[in-house]
Amino acid sequence: MAKNISFTIKYWKQNGPKDKGHFEQREMKNIPDDTSFLEMLDILNEELINDGKEPFVFDHDCREGICGMCSLYINGTPHGKTATGATTCQLYMRRFNDGDVITVEPWRSAAFPVIKDCMVDRSAFDKIQAAGGYVTVRTGQPQDANAILIPKQDADEAMDCATCIGCGACVAACKNGSAMLYVSSKVSQFALLPQGRPEAAKRAKAMVAKMDELGFGNCTNTRACEAVCPKNESIANIARLNREFIKAKLAD
Amino acid sequence: MWLTQSSIGRKVIMSVTGIALILFLTFHGCMNLVALFSRDAYNTICEMLGANWYAVAATVGLGALVVLHFVYAFILTLQNRRARGASRYAVTDRPGKVEWASQNMFVLGVIVVLGLLLHLWDFWYNMMFQELIGATGQAHHLAADGYHWIEQTFANPCKTAVYVVWFAAIWFHLTHGFWSALQTLGLNGKIWFNRWKVIGNVYVTLLMLMFVVVAIYFAACGGACCTGCC
Ligand code: HEM
Ligand code: SF4
Ligand code: FES
């Protein structure tokens, strides 16, 4: 049964990376609990604009959990707390109760400087991806799908790794500002497939080197990343990346 | 050199030195158990581990392991603090599967070092060190009498309490450290994750119980009942 809830929203305002930033607060009245979290923020912004105030800035794009643009730290959890993991755009107000105080913060990590309010610059992830997160294909037509046989289990596992949408929740949750869950998922999605093997060693080295260069931290296996990942990436990927990287370095 | 220049390399240093220290603790714990049964047997071991070249070399190696582990713990922690940045969340909600120890490895490590300094003062200084400086008389006589120093140390209830707290800190450090070290080396995966955790918890608990048992035993009866009267 749909019902309406009223609550207080505390949202982070910050004018660029150098600004100190502060919270602002607003009472939200009679919001249907089938509203998505981002729709609720749209309502907030309508109200702010009608009051002649500056709207609250946040990232979003697909609003269907596949692009990785949305990024809010809600009540102490990246993307908000859900039973099995979901992106902020897939979070609904029925997760909240009448009278709640909902605190919305940006990803706070040195490698993700704030652009404005809760919109942060995640281009560091693109740079890591560009350092080797692809398969070099120099020749003509796509191959026939059956030309290389791949066990279903491997294909599934590679697909699970590939579902990482690069949202950065793992970094946001990590006390070490480490990007290992993201990088390991991106390395794994290729390392698990025969097409990815020829460049596997090179890829692991290049992506880790870029990750270090951009100032992400050293993983200490706290598992905070895995707990908040909306795509349920596993730290088994991190073990695989460690393995790939150590093997590659020992072979040099 | 990738071991020092890459994040994973630095973690490998932590992992390998950590595993070596666990192996050392295993040896040390087993050796201590001998003190529960025989003063002579225990002191024979102490004598073998006196100022002989191999024992001194092993001590230097062990010291190097601790220093490496500590120095890299310090470097990693500093880098990680920088990577996290200056701004802090106003609200945080630690997920259930994040172990407390995993987020406090450095603090636990510092407690371990402080305990270690006390321990070296209580034992090593009175034993190997006295032999190394060529002490004579009573000091020389007691240098190989490890049993005496155990009695001496645990006769003091405050000190026994400090040692037990120290053992607890090492236990916490290792409940995370054990599987973390294997994860760092890449020897982990979806299936082995739970196995390593169980193996690690059982191993580390037995390991630390060996130390606790000796401490409590000597604190309770000062070793007097070592022939089996209690
Ligand atoms: C009895 C002595 C010690 C033993 C047996 C030990 C063992 C270990 C092990 C096995 C690991 C896991 C390595 C990895 O994650 O790859 C570890 C990690 C760590 N240790 Fe120690 N350690 C000891 C003392 C210390 C000391 C003195 C410090 C100094 C502060 C320290 C600080 C750390 C830190 C910060 C980590 C990284 C956390 C992590 O990666 O999980 N440890 N230790
Ligand atoms: S691993 Fe998960 S939390 Fe990290 S970027 Fe990918 S989808 Fe987001
Ligand atoms: S807006 Fe695309 S994943 Fe949330």
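Chain A splits into domain 1 (4–105) and domain 2 (122–251), with bounds from an automatic or database domain assignment. This is a predicted model, where local features need pLDDT of at least 70 and side-chain atom pairs count only at pLDDT 80 or more, while totals for chains, interfaces and linings use all residues. Residues are numbered from 1 along each chain as its sequence is written, and chains are lettered from A in the order in which they are written.

**Exercise 1.** Work out how much area domain 1 of chain A and domain 2 of chain A bury between them.

- Start with the centres: over C-alpha atoms, they lie 30 Å apart.
- Next, the contacts (heavy atoms within 4.5 Å): 16 residues of domain 1 of chain A touch 12 residues of domain 2 of chain A.
- Now the area: about 860 Å² is buried between the two domains, 54% of it on carbon and sulfur atoms. Buried area is the accessible area (1.4 Å probe) that two parts lose on being put together, summed over both.
- Finally, on the domain 1 side of chain A, Gly68(A), Pro78(A) and His79(A) lose the most area to domain 2, together 42% of what that side buries.

**Exercise 2.** Describe how helix H2 (residues 7–37) of chain B packs on helix H10 (residues 157–184) of chain B.

- Helices here are DSSP runs (H or I, at least four residues), numbered from the N terminus.
- Get the geometry: the angle is about 125 degrees and the axes are 9 Å apart. Axes are lines fitted to C-alpha atoms over the stretch in contact, and angles run from 0 to 180 degrees between N-to-C directions.
- So H2(B) is oblique to H10(B); angles under 35 degrees count as roughly parallel, over 145 as roughly antiparallel, 65 to 115 as roughly perpendicular and the rest as oblique.

Conventions. Heavy atoms only, no water. Helix = DSSP H or I, 4+ residues; strand = E, 2+ residues; numbered from the N terminus.
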